Protein chains: 2
Amino acid sequence: MIEISNAELSVMQVLWQRQPLSANDVVEALGNDKDWHEKTVKTLLNRLVSKGALGFDKDGRAYLYYPLIAEQDYKLEQSRSFVERIFAGRVAPLVAGFASQNKLNADDVQQLKQLIADWEQEQHHD
Amino acid sequence: MIEISNAELSVMQVLWQRQPLSANDVVEALGNDKDWHEKTVKTLLNRLVSKGALGFDKDGRAYLYYPLIAEQDYKLEQSRSFVERIFAGRVAPLVAGFASQNKLNADDVQQLKQLIADWEQEQHHD
DNA sequence: CCTTATGGATTACACTTGTAATACATTTAA
DNA sequence: TTAAATGTATTACAAGTGTAATCCATAAGG
């Protein structure tokens with residue numbers, strides 16, 4: 001899988017939200033969170049293109065960038081490898097950590113319950 | 001928080017399991033999984049000491065290394081920052097990803113249910 | 001005692017990453 | 001029509017990382 005660095009990820013997030021975008025659009029979209037020079041963002045765009053994470057179409061002189069890898073795929077793979085690395089592949093201990101730090105709210109718990117219900121439903125089908 | 005690289009983390013895991021250990025013990029313990037030269041492991045030990053992640057006592061000529069940061073603390077912090085970076089701080093979507101890939105087993109679900117039960121119990125106390 | 005092996009310390013070196021600056025080719029404005 | 005602005009491409013440069021090799025002191029073996 002393509003390696004995307006932290007800084008690059010921020011750029012990907014923008015383009016996962018809205019695409020295609022010109023370099024300037026991306027710079028602007030990042031403006032709120034990041035304090036990056038325009039040149040920095042362009043470097044990141046370039047690197048992402050080199051890595052095959054972004055593609056672009058030409059729009060006159062400018063480029064319009066779009067993601068070549070799906071957000072879902074990327075996040076799944078990252079989760080898998082993170083949980084593998086840190087928790088030997090088990091996700092429950094990670095959630096336990098959140099729980100222990102009071103980082104779970106009612107929404108999270110609601111969603112988790114739903115996931116569990118779905119999972120159990122699934123088991124019955126087998 | 002101290003930054004620990006991937007390779008360094010493998011060394012930490014060994015010492016979190018058993019401590020203190022000599023450099024050679026660590027090399028040996030890693031032997032199964034990693035195909036690292038002894039010199040490589042010693043470099044990693046050195047870097048971890050520089051970073052303040054490991055300490056050591058002298059045992060004659062050799063050093064006996066031990067962790068200076070707690071496994072729990074480290075993993076909590078890593079989880080927090082990972083989930084922040086990838087899932088905007090919400091843990092449920094991560095679990096959903098695992099669910100969608102059939103990466104949840106009965107054990108995981110059992111543990112999650114328990115966590116939820118504990119969480120709900122906690123709410124009542126407030 | 002002298003040589004060799006062994007432990008840690010220092011050095012190496014290419015690649016990635018964060019963070020731009022500079023160069024170069026065109027548009028566009030004056 | 002010429003200078004300034006603007007887009008991309010190339011170059012920069014230090015810090016971190018993976019992966020060792022070399023150096024140096026000393027302990028241990030012969």
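## DNA strand D

Sugar or phosphate accounts for 60% of the atoms of DNA strand D within 4 Å of the protein, and bases make up the rest. This is a predicted model, so to speak of its ground rules: local features need pLDDT of at least 70, side-chain atom pairs count only at pLDDT 80 or more, and totals for chains, interfaces and linings use all residues. Residues are numbered from 1 along each chain as its sequence is written, chains are lettered from A and ligands numbered from 1 in the order in which they are written, and side-chain values use heavy atoms, with hydrogens and water left out.

Around DNA strand D sit 22 residues, with Arg61(A), Tyr63(A), Ser5(B), Thr40(B) and Thr43(B) the closest; a residue is near a strand if one of its heavy atoms lies within 4 Å of it. Sorted by class, this surface has 6 nonpolar, 7 polar and 9 charged residues. Here Ala, Val, Leu, Ile, Met, Phe, Trp, Tyr, Cys and Pro count as nonpolar, Asp, Glu, Lys and Arg as charged, and the others, Gly among them, as polar.

Thr40(B) goes for the sugar part instead, with a polar side-chain atom 2.8 Å from a sugar or linking oxygen. Two or more residues each come from α2 (23-31), α3 (38-50) and β3 (62-67) of chain A, and from α1 and α3 (38-50) of chain B. The largest share, 5 residues, is down to α3(B). Helices (H or I, at least four residues) and strands (E, at least two) are DSSP runs, numbered from the N terminus.

## DNA strand C

Over at DNA strand C there are 21 residues, and the ones that come nearest are Ser5(A), Thr43(A), Arg47(A), Lys51(A) and Arg61(B). The class tally reads 6 nonpolar, 7 polar and 8 charged residues.

The backbone gets involved here: an N or O atom from the backbone of Ala7(A) is 2.9 Å from a phosphate oxygen of DNA strand C. Lys42(B) puts a polar side-chain atom 3.3 Å from a phosphate oxygen, while Thr40(A) has a side-chain N or O atom 3.5 Å from a sugar or linking oxygen. As for elements, α1 and α3 of chain A plus α2 (23-31), α3 and β3 (62-67) of chain B each give two or more residues to this surface. With 5 residues, α3(A) gives the most.

## Where chain B meets chain A

Each chain puts in its share: 39 residues from chain B and 39 residues from chain A are in contact, meaning heavy atoms within 4.5 Å. About 3800 Å² is buried between the two chains, and carbon and sulfur atoms give 71% of that. Buried area is the accessible area (1.4 Å probe) that two parts lose on being put together, summed over both. Val91(B), Phe98(B) and Trp119(B) supply 15% of what chain B buries against chain A, more than any other three residues.

The charged side of things comes to 4 salt bridges between the chains, each a side-chain nitrogen of Lys or Arg within 4 Å of a carboxyl oxygen of Asp or Glu. One pairs Asp108(B) with Arg90(A), at 2.9 Å from N to O. On chain B, the side that touches chain A draws at least two residues from each of α1 (6-17), α4 (71-87), α5 (92-100) and α6 (106-125). Of these, α4(B) gives the most, with 11 residues. By class, that side has 21 nonpolar, 10 polar and 8 charged residues.

## Backbone details

Two cis peptide bonds are worth a look. Gln19(A) and Pro20(A) are joined by one with omega about -5°, and Pro20(A) is in the loop between α1 (6-17) and β1 (21-22) of chain A. In chain B, a cis bond joins Gln19(B) and Pro20(B), with omega about -10°; Pro20(B) is in the loop between α1 and β1 (21-22).

Asn102(A), a residue other than glycine, has a positive phi near 55°. Asn102(A) is in the loop between α5 (92-100) and α6 (106-125) of chain A.

Terms used
A polar contact is a pair of N or O atoms within 3.5 Å; within protein, one must be able to donate a hydrogen and the other to accept it, and residues adjacent in sequence count only if both atoms are side-chain atoms.
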